[in-house]
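Here's a quick briefing to read with the model open beside you. Take a look at the chains first, then work through the notes below.

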Amino acid sequence: MSADLHDLGFLEVAEALTQKRASSEELTMALLARSEELESKLNSLTWFNREAVLAEARAADAARAAGDNRPYLGVPIAIKDLLNVKGQPCTAGSRILKGYVAPYDATVIARLRAAGCVFVSRTNTDEFAMGGSTETSAYGTTRNPWDTDRVPGGSSGGSAAAVAARLAPAALASDTGGSIRQPAAFCGVTGLKPTYGRVSRYGCTAFASSLDQIGPIARSVEDATAVYQVIAGLDPHDSTTAARPVDDCLPNVRAARDLKGLKLGLPKEYFVDGLHPEVEQLTRAAVAQCRALGAEIVDVELPHSKYGIACYYVLAPAEASANLARYDGVRYGFRAEAEDLQEMYEQTRAQGFGAEVKRRVILGTYVLSSGFHDAYYLRAQKVRTLIRRDFDRVFARCDAILGPVTPSPAFRVGEKTADPVQMYLGDIFTANVNLAGICGLSVPCGFTTGGLPAGLHIIGPAFADARILQIGAAYQHATEWHKQQPKI
Amino acid sequence: MNDFIASIGLEVHVQLKTRTKLFCAFPAHEEGDPNVAVCPVCLGLPGAMPVMNGEAIRQTVKTGLMIGSRIALRSTFDRKNYFYPDMPKNFQISQQAAPLCLGGAVEIDVGGQPKTIRVNHIHQEEDAAKITHLENSSEIDFNRASTPLMELVTEPDMASPDEAMAFLIALKEMLIYAGISDCNLELGQVRCDVNSSVRPAGTDLLGVKCEIKNMNTFKGIHRALTYELARQVEVLRSGGMLVQETRRWDDEAGVTLPMRSKEYAHDYRYFPEPDLPPVVLDAATVEAWRAELPELPAVKRARFIRDYGLPEYDVGVLTADQALAEFFEAAAQQSKNCKAVSNWVMGELLRALGEQGLGIADAKITPRALAALIALVDAKTINMPAAKEVFQVLFEKGGDPAAVVKEKGLAQVSDAGAIDGFAERAIAANEKVAAEFRGGKETALMFLVGQVMKLSRGKANPQLAAEALRRKLRG
Amino acid sequence: MAMRFSENADRMDVRYVAGLARIALSDAEAARLQGQLDDILAFVGELKKLDVSGVEVTDVATEAQNAWRADVPIAGLEREATLANAPLARHGQFVVPKVIE
């Protein structure tokens, strides 16, 4: 059966290991072999170390032989190159962190490690997660497995492409304005952005701390749920994590068959001019499917939606300008040769950061600077309140919201790089979810005539992560879209 | 200076006495090798996040309670952005929009008159790393990075370097009293930015403010202010204009100098720290912390004057140190002679402690023993020289004064017959002096008393000896 | 989804702001950024059209409060690990080029 080992999803791998139908070493070897074969076309990974990873897999096998029966022992998982894994490089897609080796584990990594997972590879990302295509990565653009002339989305394009291309059964990613859901939609895989405060951010290289959230990309809602279940929960190292318990929702997700009794909102603002007609059609078909599964579909309004992107592109760069100030060549990472300290700062950052990062850091610095703070930053904080209130009102009468994840399917490499504003508008349906701190799930919902995947966006209120996972699982039980494989 | 009025405001940074740093659980106040007390958080590694030390919050709030601040029931943290290699994240986590303590005041003494120095607010922030500038490079040690600081910002209410000193001394005393900081200036635990301005007498509008950064000795602050105020007056007198600027104190040269103004220095781009939830306090917590406060030095001084009838000088000495004040009070409560207790504590006790470089906790004498010793003196059981001898024994070994008196045979001789005998012998041996007394030289008596004491080996009651001599010489 | 925004847009002093952010810019880079940032500012300037009077700010995104840690020390990084990523270290310290005040 070793020929299809790479085809197994996260829970299937766990089952194969538990039933001793395969070893972690065999699985890992299969994934590494496939990575070696396909990476020249995809460039979805920034790092994998055959020997180190196989040693981890063998250790897991040895533990299992010795009676260790943790359910995810030896299950390989890919990690976005933004999350710190002790002893592995962590570049954040940036030249400025080239050669940096993480001296500590992120909390999500520590939890996966405790669960027995093997960190098989590191996935490409837009530089410091700033982008929607992986084109801003200092380590080259990742290609969409469905059409290698196209982008996989971003910033977690490497994670989405790797999972879609069967280089890993699942991957960890992060989402600040859509960076899990948009690449999941572009690559035909499942991605969850959990509620803000549900998953610890400790050890995740920060982009915009009030918006960042770590979540899984996987081949099914069930797999995503399994990973989410491991990483979610209160963390003493991240003071913004919620003290609420994380219920075991995997049994309910696995059992989800229909949507009876659920009221799902359809915001009219999400179906406007500019939405790609095929994406609209696929989304509406998915909504019809949900109705067929028993959900009541109601029209709702999110009147401040259209201000979301502008609000996001004030707040996120502002926070980023401070978060990225630490990359200065003093304690770690790249340092430019210089005569004095100021020159070292300015040259290190000039040479270490790419164009998009510089653009956002400068923008963020500006909106916080004396004389402009109130007009931009303070105002955006208030607009954020309005956007949250929009969702509060809708969730007072709806269980979840349905809509498209992206305004278009995957675009061509280079198509939007010259026009940042056009690129930013790609976050139009996703960024509001981060601004409101709520949860969102992207599930595959069909293909365009050109063979490109589209995603259905299921948005839930804060801490209703289990609910949107159940909705997504019921939808996937009734559909086959998530089972489609790209031919590379 | 008389035709000008000075206004001085202080920004006092105080290191709090916590075991761990402000935002990570690594030891604070580490004085060992460089970069041994660091972690991902205080080194500003990618992905590291701050976690608040609750003890630091408690200490800052207690400081606010001591000076009568309003305690914010919801307080938030902000990032203060500036690039400098001693700040690992290139922003400092501080408080700008909603600090923990608002308002408050510290009372100082100005030439015997009380004066109130208003405090604008107290906020919490993290300390920077230690940077050592060498000729062609600088070295950085992050052990100190993220040590808890509170910054207390006063209104410009001080009118002279002396008042600034009085304020700092009063503040330091309170903080040490309440266990909030050791305020060790040599270790940099108290650092000040000093703002000053002058304006012509008779005007109300404050003059142009100059800030002297990063002063770390009180004496230095006094000297710097004295220089700076004179400089400002001189500029104005000679028809010049002052510019708002940041200056530094050159201690060797004894002058303040303008710092090469940093182009971006004042654009800190504050915004809320997204990684720290707000501090939300309820009244019960605040009241519980208030209950932990010790009696403040000023209150204690007033009470000592009222309850023990002591002069102000004594009270100042006794309350300067909380442990000393406690010792005094314990002894005074068991004594009928509070002034004598004060004299003993200020005199013999402090002398003995000082000689041996000890703290009050090291002394073996108990307050009860001191009170008993004073009672023996007052009952004329022993005389003063004997009492001092007893004290020394009690100080070193402890024990009961009566037992020491007995053991050493130090009880005074008050028996009239015995004293008469000593007096007769003293007169007989010093006829010339006796004649001088008879001739009207009163002071000659003192010599004869001394002789009686000598003959009695110090045990005679000196008053009785004087009476006996007088009787016999006149007789 | 083409949008055009130009009215009332602020024009950023790119060089000054890049200086605040400690990023050196070549002339060509500054010119390109100026255009792009003007566009972005015009776009985010849309926010100015909203009436936000009386709306409170969202200053923290978490429902958590306090989340304090006990004042109990634990062991830190080994100094070797601390300095392992340092571009330049000497005598256990991080070293930077001279600071010109």
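How many salt bridges does the rule find across the interface of chain B and chain A? The rule finds one there, counting a side-chain nitrogen of Lys or Arg within 4 Å of a carboxyl oxygen of Asp or Glu.

Keep in mind that this is a predicted model: local features need pLDDT of at least 70 and side-chain atom pairs count only at pLDDT 80 or more, while totals for chains, interfaces and linings use all residues. Residues are numbered from 1 along each chain as its sequence is written, chains are lettered from A and ligands numbered from 1 in the order in which they are written, and side-chain values use heavy atoms, with hydrogens and water left out.

**Chain B against chain A**

- The salt bridge pairs the side chains of Asp275(B) and Arg201(A), at 3.0 Å from N to O.
- Strand E4 (78-81) and strand E16 (271-272) of chain B each bring at least two residues to the side that touches chain A; strands here are DSSP runs of E, at least two residues long, and helices are runs of H or I, at least four, both numbered from the N terminus.
- By class, that side of chain B has 22 nonpolar, four polar and five charged residues. Ala, Val, Leu, Ile, Met, Phe, Trp, Tyr, Cys and Pro count as nonpolar, Asp, Glu, Lys and Arg as charged, and the others, Gly among them, as polar.
- In contact terms (heavy atoms within 4.5 Å), 31 residues of chain B meet 40 residues of chain A.
- About 2700 Å² is buried between chain B and chain A, with carbon and sulfur atoms giving 60%; buried area is the accessible area (1.4 Å probe) that two parts lose on being put together, summed over both.

**Chain A against chain C**

- Here the contact takes 69 residues from chain A and 52 from chain C.
- Chain A and chain C bury about 5400 Å² between them, 69% of it on carbon and sulfur atoms.
- Ile362(A), Tyr376(A) and Arg379(A) supply 12% of the area that chain A buries against chain C, more than any other three residues.
- The rule finds three salt bridges across this interface; Arg389(A) and Glu56(C) meet in a salt bridge through their side chains, at 2.7 Å from N to O.

**Nonpolar cores**

- A nonpolar core is a set of buried Ala, Val, Leu, Ile, Met, Phe, Trp, Tyr and Cys residues joined through side-chain atoms within 4.5 Å. Buried means under 20% relative accessible area, exposed over 50%, and partly exposed in between (1.4 Å probe, protein chains only).
- The largest core has 253 residues, and those with the most contacts inside it include Tyr72(A), Ile77(A) and Phe167(B).
- Helix H10 (residues 308-323) of chain A gives the largest share of this core, eleven residues.
- A second, separate core of 41 residues includes Val315(B), Ala325(B), Ala331(B) and Val341(B).

- Leu225(B) sits in helix H3 (residues 218-237) of chain B and is buried, because its relative accessible area is 0%.
- Leu225(B) and Pro161(B) are 64 residues apart in sequence, yet 5.8 Å apart in space, C-alpha to C-alpha.
- Lys300(B) belongs to helix H5 (residues 297-308) of chain B and is buried too, with a relative accessible area of 5%.
- Leaving aside neighbours within four places in sequence, Lys300(B) is in contact with Tyr177(B), Glu295(B), Thr319(B) and Ala325(B).
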